[in-house]
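Please consult the sequence and the model shown below.

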Amino acid sequence: MNNLELNKIYCESNLETMAKMPNGFVDYVLTSPPYNIGYNQMNGDDTKKYKEYEDKLDDYFINQKNLINELLRVTKNHIFYNIQMLGNNKVDFLNLLGHFKDNIKDIIIWQKNMIPHIEEGVISSSFEFIIIFSNQQPDKKKFYDGNFRGNFGNVIKTLNIHNNPFAKEHKAIMPLDIPRMFMQKFGKENDLWYDPYMGTGTTAVGAIEEKRNWIGSEISQEYVDLTNKRLKPYLTQTTLF
Ligand SMILES: C[S@@+](CC[C@H](N)C(=O)[O-])C[C@H]1O[C@@H](n2cnc3c(N)ncnc32)[C@H](O)[C@@H]1O
């Protein structure tokens, strides 16, 4: 037995939340982990990317290896892991792909508008990876829980990266189209989706809109408060639609 409540964000490290979960507790995971980028060099100053979390680990590989191992334990189906390969995490990211090669079912490219790199001689980035780790026949490409046939490609585009109203308050947010798209494409109503790095609650809002259950972890109290504020209008509705 565990004491976890559904449709709730836990203000703690994701490993603490998962320690309370039995094997296969959640149906799916959708997450965007920190990229180990440290200070936000894009601004040319020492502004942090996150308010409380520094995003600079001594061993990003070990940290993410422990996380993914735990995610594979608590997840029944698939883990949609969104990551960008940057200078600071390139080797660790490639090592993670190698380490988990037997658990990777497929890879999706999320194409975004190109942001020109400020440094000379650096290729500008216009995509992110969505790695699909899986417990369901990861050696096969077929998804038995997929709600698609010939109409879901492995390069996806989001209409507008800024359709997250909290873009100013959190510098690494996901557009709402991403969780909604994956929830529509995989599984069914009432499935339980977990986001171990909840940030501003984008996965939770997607889950509510797609009639899924959700659970989240977020280490920063400020972002937990922001998520709860963002969710308030949905929670006070008696019927969702
Ligand atoms: C890339 S952001 C996630 C953004 C989110 N997808 C959204 O749309 O708002 C990563 C978040 O993970 C949080 N975080 C970092 N380490 C954590 C940990 N060990 N457990 C839980 N949350 C953590 C950071 O505070 C940050 O808000």
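The points below cover the basis of the model, the ligand contacts and the pocket.

The model is predicted: local features need pLDDT of at least 70, side-chain atom pairs count only at pLDDT 80 or more, and totals for chains, interfaces and linings use all residues. Residues are numbered from 1 along each chain as its sequence is written, and side-chain values use heavy atoms, with hydrogens and water left out.

**Ligand shell**

**Polar contacts (N or O pairs within 3.5 Å)**
- In the side chain of threonine 202, an N or O atom is 2.6 Å from an oxygen atom of the ligand.
- Nitrogen atoms of the ligand lie 3.0 Å from a backbone N or O atom of asparagine 14 and 3.2 Å from one of isoleucine 219.
- On its own the ligand has 610 Å² of accessible area (Shrake-Rupley method, 1.4 Å probe), of which the protein covers 96%.

**Pocket**
- The ligand takes up the space of the second largest pocket (an open set of points on a 1 Å grid where a 1.4 Å probe fits, with protein on both sides within 12 Å along at least five of seven lines).
- About 490 Å³ of space lies in this second largest pocket.
- Its lining (an atom within 4 Å of a point) has 30 residues, with Asn14, Pro34, Pro196, Tyr197 and Glu218 closest to the centre.
- Helices H1 (14–19), H2 (60–74) and H5 (202–209) each give two or more residues to the lining, and H2 gives the most, with 3.

Notes: Polar contact = N/O pair within 3.5 Å; in protein donor to acceptor, adjacent residues only side chain to side chain. Sits in = over half its atoms within 2 Å of the grid points. Points joined across faces, edges and corners; volume = space filled by probe spheres on them. Helix = DSSP H or I, 4+ residues; strand = E, 2+ residues; numbered from the N terminus.
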